[in-house]
Amino acid sequence: MVFILAATGSAVGLGNIWRFSYMVGESGGAAFVLLYLGCVLLIGMPVLLAEWILGRRGQSNPINTMAKLAREGGRTQAWILIGLSGILAAFLILSFYSVIGGWSLAYILSTVTGTFTDQDAEAVGEHFNSLLGSPGVLLLWHTAFMVLVVGIVARGVTKGLEAAVRTLMPALVILLALLVVYGMTTGHFGEALRFMFSPDWGAVTGEVVIAAMGQAFFTLSLGMGIMMAYGSYLGRDVKLVSTAGTVIVLDTVVALLAGMAIFPIVFLHGLSPGEGPGLIFVTLPIAFGNITGGVILGLIFFLLLTFAALTSAISLLEPVVEFVQERSPFSRVWSTVAAAICIWALGIAALMSFNVWDFPILFGLNVFDLLDTFTSRFLLPLTGLGAVVFAAWFLDRESVRQELAMGTTGTMLWNVVARFVAPIGVVIVFVSAFL
Ligand code: PHE
């Protein structure tokens, strides 16, 4: 049970609410959503299982696990690259994740102080823009978020958090469902549903396909060795397939609810779905500002969002800290502080992309977009591809059969999906991006 809570805590985060909705909006809606769902099922699920299988077999952190399994199977030690690139990805992702976690913190305060009460879309948008335009304020919130993460990781108090996931996740789901009902009664709900679920396949570009795959990896915390590390704590008796199903369904439900809460507001107020990373921050506060009890609901929402962000951020910092601690004379606390300072510094470059460095530095992307794009679209899928290929092709069959503990049909299905469907899927997505 603790395991499901930890895995869910890592998976459900800003990726489901903040990133999912803005990606859907930016990528033109339904085709992206359906491609994302397809990627979750055909690529995400096998990669998640592969990471857990490897982790439970290797019984260590991703680098040592891959070293051990490669050695046992007589394969090259180059497989530890999977562990290394996972740590690099976690490092890069946390730098900008913390910036957005900071926005969520900032909105707790804005909501409580009544900033959004009776405000229209324009005023809410202006509030967000003024936040983005103040690097000093962004820095403050980014720092505050990072300090919270460091405090928790350094003291190793994650146990208590897992217990909290049990009550706070359902609360988040209920609140999102309430917002969906608000959208049904006041917003342009039909239009939102069409936007999210009725695809115009003609408009799909390679860019949309690769963005959808990136979102699937990001939201399930895949391709970072995080799930592999969790796998090493997995009890023998835990059924991998049904557990993966539970985590994936929960994660997907949160994302879809978030979309169905946000887009009715977007269309009602004539906002642009392609607003970008600010989408949830310029839409949901309009709802909170205009319903009775909105201040309380808004407060609870941003508290829960921050909590979900924290549990994900902790899972991002853990592997980096472990890496530093293993290779340095530093204690756990100092390893945490050292890792966090580097990540925090990179985060400053990310937050300046919204103001003073608001220009492309490479491939037409600013620092923030570059960090996000490079990790979710390349590093994560490549690392995940490595994990699933190793588990499906190079791990001995008997181990895999034991790990999965499924009947013959189940094992056969795994073989087809993990050996062919998922790897070929990743390759097709990559190729389509270059067409
Ligand atoms: N899955 C988390 C989310 O959706 C983000 C995350 C990515 C956490 C990678 C850990 C590792 O917000």
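Predicted model: local features only at pLDDT ≥ 70, side-chain atom pairs only at ≥ 80, totals over all residues.
Ala11 does something you can compare on screen, with a backbone N or O atom 2.9 Å from an oxygen atom of the ligand. Then there's Thr219, where a polar backbone atom lies 3.1 Å from a nitrogen atom of the ligand.

How many residues surround the ligand? It's 15, and the closest are Ala11, Gly15, Tyr97, Phe218 and Met224.

Leu14, Gly15 and Trp18 in α2 meet Phe96, Tyr97, Ile100, Gly101 and Trp103 in α5. Sort the residues of that contact and you get six nonpolar, two polar and no charged.

So how do we talk about helices like these? Two packed helices are described by the angle between their axes and the distance between the axes. For α2 and α5, which is residues 81-112, the angle is about 90° and the axes are 12 Å apart. That's why we call α2 and α5 roughly perpendicular to each other.

Helix α2, residues 14-26, has another partner: α12, residues 240-268. Here the axes come within 9 Å and cross at roughly 60°, so α2 and α12 count as oblique to each other. The crossing is right-handed.

Who's touching whom? On the α2 side, look for residues including Ile17, Phe20 and Val24, and on the α12 side, Val254, Leu256 and Phe263 are among them. The residues of this contact split into nine nonpolar, four polar and one charged.

Definitions and conventions:
Residues numbered from 1 in each chain as written. Heavy atoms only, no water. Axes fitted to C-alpha atoms, helices over the stretch in contact; angles between N-to-C directions. Helix = DSSP H or I, 4+ residues; strand = E, 2+ residues; numbered from the N terminus. Parallel < 35°, antiparallel > 145°, perpendicular 65-115°, else oblique. Left-handed = near helix turned anticlockwise from the far one by under 90°. Contact = heavy atoms within 4.5 Å. Nonpolar A, V, L, I, M, F, W, Y, C, P; charged D, E, K, R; others polar. Near = heavy atom within 4 Å. Polar contact = N/O pair within 3.5 Å; in protein donor to acceptor, adjacent residues only side chain to side chain.
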